Amino acid sequence: MEERAEKAAQKGSKTERWCWRLILLVTVALVATMAALTLLKYFKHSNSSRVSGRPGPVVQKYSEALRLSMQFFDIQKSGKLVDNPIPWRGDSGLQDGSEEDLDLSKGLYDAGDLIKFGFPMAFTATVLSWGILEYGDQMKAVKQLDHAHDSLKWITDYLINAHPSPNELYIQVGDPDLDHKCWQRPEVMTEERPLIQINTSFPGTDVAAETAAAMASASLVFRKINSSYSKLLLMHAQQLFAFADTYRGAYSVSITQVQIYYNSTGYGDELLWAATWLYHATGDLTYFKYATEQNGPAFANWGSPSWFSWDDKHAATQVLLSRISFFGTKDISFAENMDLQKYRETAELFMCGLLPDSPTATSSRTASGLIWVIKWNCLQHAVASAFLAVLYSDYMLTSQTEVLYCDGKFYEPTDLRNFAISQVDYVLGENPMEMSYLVGYGSKYPQYVHHRGSSIPADAHTGCQDGFKWLNSSNPNPNVAVGALVGGPFLNETYIDNRNNSMQGEPSTYNSALIVALLSGLVTSSSVPKTFS
């Protein structure tokens with residue numbers, strides 16, 4: 001009797017425990033349901049509109065700014081010009097490369113001087129390719145796609161010729177020290193034009209990998225336009241990547257004279273960047289594995305966002321690999337997916353830092369909200385960040401990803417787009433100086449741009465030294481460098497329009513590539529392609 005009573009008590013106790021467990025499970029389920037309903041309510045009230053595959057209405061001010069920006073590539077061209085639209089430019093650099101029986105006459109002068117620097121030129125090509133691949137339909141809608149193709153091919157023609165053998169790449173034409181002792185138009189330059197190369201004895205992983213990225217991304221651009229040219233670009237890209245990876249070393253360590261102008265702070269980011277572009281161009285998982293499980297832990301800086309520039313490709317690689325996370329990971333292993341998630345998480349940290357009211361917002365900005373990192377060419381970081389933001393916004397919209405979570409706050413794709421708009425509107429004149437930093441846009445823009453060809457009259461006959469009278473002239477530039485994006489304001493948002501002020505007043509081709517890509521994403525709205533093939 002007592003034993004039965006004890007068993008009954010135990011049974012009752014057990015039943016009671018199960019009842020409590022059931023109540024707990026129901027409570028958890030209700031909490032989860034309420035959370036889901038809260039998020040669903042947020043989604044339903046989201047202002048993030050679905051975008052179609054076709055471009056929407058054109059934003060005229062961005063269309064005009066894009067048209068102008070494209071012209072700077074024409075201004076910077078070297079070589080035998082074809083259908084030249086710039087009246088004060090002519091043929092130049094026709095003998096570049098001849099001392100090594102190479103034709104290096106094409107390519108672009110990188111800024112206000114007359115040097116062809118391979119590292120920033122390759123970066124210019126990569127960014128321009130990326131802009132075309134993501135926003136080619138928008139470019140086409142405003143009649144700028146053919147111009148973009150032409151500008152890109154002018155660079156890649158040069159890069160092909162600069163790579164005469166698998167383990168040899170010419171990375172510079174001209175001597176900056178000699179060049180800076182002269183102030184001449186490129187059409188009449190008289191200084192010597194020596195060549196600099198990297199090879200197995202003097203490696204340059206960073207510049208070789210960036211050139212591989214340029215070739216791989218451009219091969220995607222030209223795949224449906226010129227298949228044989230696309231295959232040629234891809235062959236060079238694969239050779240250059242193998243060269244970069246096999247013979248590791250920073251080019252500015254191998255060749256110390258480049259440190260003054262385009263010093264590299266490391267090559268791991270370029271290896272990941274190039275491998276990612278080669279994966280997109282080939283579909284070969286070897287390149288994906290390279291960028292994730294094999295070299296991600298060493299080079300990716302997961303969890304530590306950094307600013308996108310010609311020298312640092314980490315943020316761009318994180319966004320480019322996030323594209324794979326957004327649009328599909330077929331044939332990718334669990335371990336690789338985990339690494340891919342780390343790239344996306346770091347990309348989201350970067351995005352959260354850009355949003356001005358985010359709990360983790362960066363303090364690297366002016367009082368008016370412009371991203372501002374360094375005083376030299378400050379607009380590069382602002383425009384580059386805005387491009388990545390609008391791109392990430394469009395990845396979210398196209399994949400129907402409703403929210404970005406930033407340390408306790410939710411943001412929509414439109415928040416990222418609005419940030420990008422704030423940056424480009426600042427550049428175009430909505431700033432304390434009430435001036436456009438894009439030359440030729442609006443009624444007020446820099447008149448004393450630090451640029452040789454722009455500052456010297458086309459009919460002037462000058463030698464090396466006597467051209468300096470034009471550098472020091474008090475008159476505005478006689479030739480307007482339309483589409484030039486200058487360096488930008490100081491942190492206190494002032495700008496000194498003086499031709500000797502190269503810190504603020506010198507434009508560059510990589511700035512132009514970035515603003516072309518950004519404007520192409522904002523000129524109209526549409527979904528981005530889910531694949532580049």
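Buried residues (under 20% relative accessible area, with exposed over 50% and partly exposed in between, using a 1.4 Å probe on protein chains only) make up 58% of the 533 residues in the protein chain. This is a predicted model, in which local features need pLDDT of at least 70, side-chain atom pairs count only at pLDDT 80 or more, and totals for chains, interfaces and linings use all residues. Residues are numbered from 1 along each chain as its sequence is written, and side-chain values use heavy atoms, with hydrogens and water left out.

The protein chain has 20 helices and five strands; these are DSSP runs numbered from the N terminus, helices being H or I with at least four residues and strands E with at least two. Of the contacts (heavy atoms within 4.5 Å) with a separation of 6 or more, 75% come from residues 24 or more positions apart.

Axes are lines fitted to C-alpha atoms, for helices over the stretch in contact, and angles run from 0 to 180 degrees between N-to-C directions.

| Helix pair | Angle | Axes apart |
|---|---|---|
| H4 and H6 (residues 205-221) | about 135° | 11 Å |

The crossing of H4 and H7 is left-handed, meaning that the near helix is turned anticlockwise from the far one by less than a right angle. On the H4 side, Lys153, Thr156, Asp157 and Ile160 make the contact, facing Tyr229, Leu232, Leu233 and His236 of H7.

H4 and H6 are also oblique to each other, and H4 passes H6 in a left-handed crossing. Here His149, Leu152, Thr156, Leu159 and Ile160 of H4 meet Thr211, Ala214, Met215, Ala218 and Val221 of H6.

Now to the strands. An open sheet of three strands is ordered S1-S2-S3 with antiparallel pairing, where two strands pair if DSSP finds at least two bridges between them. S1 (116-117) and S3 (195-198) are at the edges with a single partner strand each, so one side of each has no neighbour in the sheet. Four bridges join S2 (residues 169-173) to S3, and valine 173 has leucine 195 in S3 as its bridge partner.

Finally, threonine 462 lies in the loop between helix H17 (452-455) and helix H18 (468-471). Threonine 462 is buried, with a relative accessible area of 13%. Leaving aside residues up to four places away in sequence, threonine 462 touches Gln184, Val188, Gly467 and Trp470.

How values were computed: Parallel < 35°, antiparallel > 145°, perpendicular 65-115°, else oblique.
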